[in-house]
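Dear colleague,

Please find below the structure that I am handing over to you.

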Amino acid sequence: MQTATTHLDREHCVRAVQSKDARFDGWFFTAVLTTRIYCRPSCPVVPPKPENMTFYPSAAACQQAGFRACKRCRPDTSPGSPEWNQRADLVARAMRLIADGVVDREGVPGLAARLGYSTRQVERQLLAELGAGPLALARAQRAQTARLLIETSALPMTEIAFAAGFSSIRTFNDTVREVFALTPSELRARAPKSGTGTPGVLSLRLPFRAPLNPSNLFGHLAATAVPGVEEWRDGAYRRTLRLPYGHGIVSLAPRPDHIACRLTLSDLRDLTVAISRCRRMLDLDADPVAVDDHLRTDPFLAPLVDKAPGRRVPRTVDEAEFAVRAVLGQQVSTAAARTHAARLVRAHGKPLDDPEGGLTHLFPAPEALAAVDPETLAMPRTRRTTFTTLVRELADGTLPLGVESDWAEARARLLALPGFGPWTVDVIAMRALGDPDAFLATDLGIRRAAQELGLPSTPAALTARAEAWRPWRAYAVQYLWATDSHPINFLPV
């Protein structure tokens, strides 16, 4: 019978552990048979003998097999596996939903319903590939959230237990002891003592796989920021968040080995979801070495990759919001798109208080936009039709856009909407759905860059040339955009 460990190449895993290769952190976990502890591949302690190692594809599988998390390398803080953001199959979609807190909010039946499969099918496939079912995977995530709150806040343990998603204090205590071999109080006592933080603000470190090029990532987010919802201030990107239980404000600043994250949440139960969505927006679980090595095989792209490796695809925290903004940006400049969006935000967004004063609203929900009188929208009639059709279908659930979306199905539904052409569909696929192979062959900036590099510049010929860049064409787009001296981020449909 094939098990989850069958998918792991033992020889490669052993070599990664012996070389302490941090690139594999999050890809797999090393369980030590003699100590019953599990580690990340880059654990700083002396590696165990190969015969004492066994490997698991998830922390949940390690915990389910009776192993405890290493106190030195803290494997629960590894970057996530890049597998779940580069695949569109059932397991990858399920993992994205679990990271978004769906099992905690809706249970396994809710997870299965969103995926369109039976609970038995979902459990069987997750168990086969990850060595753990959805409940165990969600439990491992709750333990990680609990640890974050224990170590970074002064909240009472009772509040932390329920904020992390545990149903009782007893379950919280038992899980923390089982996973970390420490009580919650002992975990807090061991945590590094930080200075006096801002009350109500959680300060976290979001890890990533190096290299990371912050200029393309944060530069794009800052250049397209919608006033009132997003801003760039004092070296950090800030924005408002609509979350399942409330709202939040996040500040994200690049550091050499992590992203400094400061979160203010109206309901702490949203912590796991907020972190997951911020990581997804910044593409922090990507494997830049694998991406760049593949793109370097093209002699035209190699100099671009060597000049500034580690480019990420800037994504979004809200798929529906991005789809609306893509329509607002059709056939206008970036500045005009921001103006249109800001106007909608002021008129229909939910106001909120920002202690720092720069952010004023949540981006309007599709339900609020669907109720807008079309005649009040300052846009051409054809785009008004596109806009109203999109928000209506988003609001009534006819067009589901989320981490669980099947990329091919979502593309087909988008293309069927009036006013949606290849560029709009592909930019939504790339930045909202997270398809790493989305390619904007009709983008004027991409076509100009291709011409400057001596590549074919017509959409059909460029698409054919880009076949060699699969499955990372969305990353090739980032490198090509960087060559254009007059980039256009919002273009014809």
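Does Ala191 count as buried or exposed? At 7% relative accessibility, Ala191 counts as buried, where buried means under 20% relative accessible area, exposed over 50%, and partly exposed in between (1.4 Å probe, protein chains only). Ala191 is found in the loop between α10 (184-190) and β5. Its C-alpha lies 36 Å from that of Ala128, and the two residues are 63 apart in sequence.

Two remarks on provenance are needed before the rest. This is a predicted model, in which local features need pLDDT of at least 70 and side-chain atom pairs count only at pLDDT 80 or more, while totals for chains, interfaces and linings use all residues. Residues are numbered from 1 along each chain as its sequence is written, and side-chain values use heavy atoms, with hydrogens and water left out.

Overall form

The chain has 23 helices and nine strands; these are DSSP runs numbered from the N terminus, with helices being H or I of at least four residues and strands E of at least two. The C-alpha trace spans about 65 × 50 × 45 Å along its principal axes. For 493 residues, a compact globule would have a radius of gyration near 23 Å, and the chain agrees with this at 23 Å. That radius is taken over C-alpha atoms, and the globule rule is 2.2 Å times the number of residues to the power 0.38.

Of the 493 residues, 55% are buried. The accessible surface comes to about 20300 Å², and carbon and sulfur atoms account for 55% of that surface; the areas come from the Shrake-Rupley method with a 1.4 Å probe, and for residues only the protein chains shown count as cover. Among contacts (heavy atoms within 4.5 Å) between residues at least 6 apart in sequence, 68% join residues at least 24 apart.

Nonpolar cores

In soluble globular proteins, nonpolar side chains tend to be buried together. Here a nonpolar core is a set of buried Ala, Val, Leu, Ile, Met, Phe, Trp, Tyr and Cys residues joined through side-chain atoms within 4.5 Å. The largest core holds 63 residues, of which Leu295, Val324, Phe387, Leu390, Ile428, Met430 and Trp469 touch the most other members. Helix α20 gives the most to this core, with eight residues. A second, separate core has 51 residues, including Ala161, Phe218, Ile259 and Ala274.

Leaving aside neighbours within four places in sequence, the contacts of Met430 include Val313, Arg315, Ala474, Val477, Gln478 and Trp481.

Helix α23 (residues 473-481) is largely enclosed by the rest of the structure, because nine of its nine residues are buried. Among them are Arg473, Tyr475, Gln478 and Trp481. The buried residues of α23 pack against α11 (214-223), α13 (288-295), α14 (302-307), α20 (422-433), α21 (444-453) and α22 (459-465).

Helix α4 (residues 90-99) is mostly covered, with nine of its 10 residues buried. The buried residues include Arg93 and Arg96 as well as Leu90 and Ile98. Among the packing partners of the buried residues of α4 are α5 (102-115), α6 (119-130), α7 (134-152) and α12 (271-281). Just after α4, Gly101 takes a positive phi of about 80 degrees.

Backbone features in loops

Most residues other than glycine have a negative phi, and most peptide bonds are trans.

- The peptide bond from Ala210 to Pro211 is cis, with omega near 0 degrees; Pro211 is in the loop between β5 (201-206) and α11.
- The peptide bond from Arg470 to Pro471 is also cis, with omega near 5 degrees, and Pro471 is in the loop between α22 and α23.
- Arg74, which is not a glycine, has a positive phi of about 50 degrees. Its loop runs between β4 (68-69) and α3 (83-86), and at 26% relative accessibility Arg74 counts as partly exposed.
- Asp234 has a positive phi near 50 degrees and is in the loop between β6 (230-233) and β7 (236-242). At 76% relative accessibility, Asp234 counts as exposed.

Finally, Ser81 is in the loop between β4 and α3. Ser81 is buried, with a relative accessible area of 10%. Apart from neighbours within four places in sequence, Ser81 is in contact with Gly26, Trp27, Arg209 and Asp285.

With kind regards
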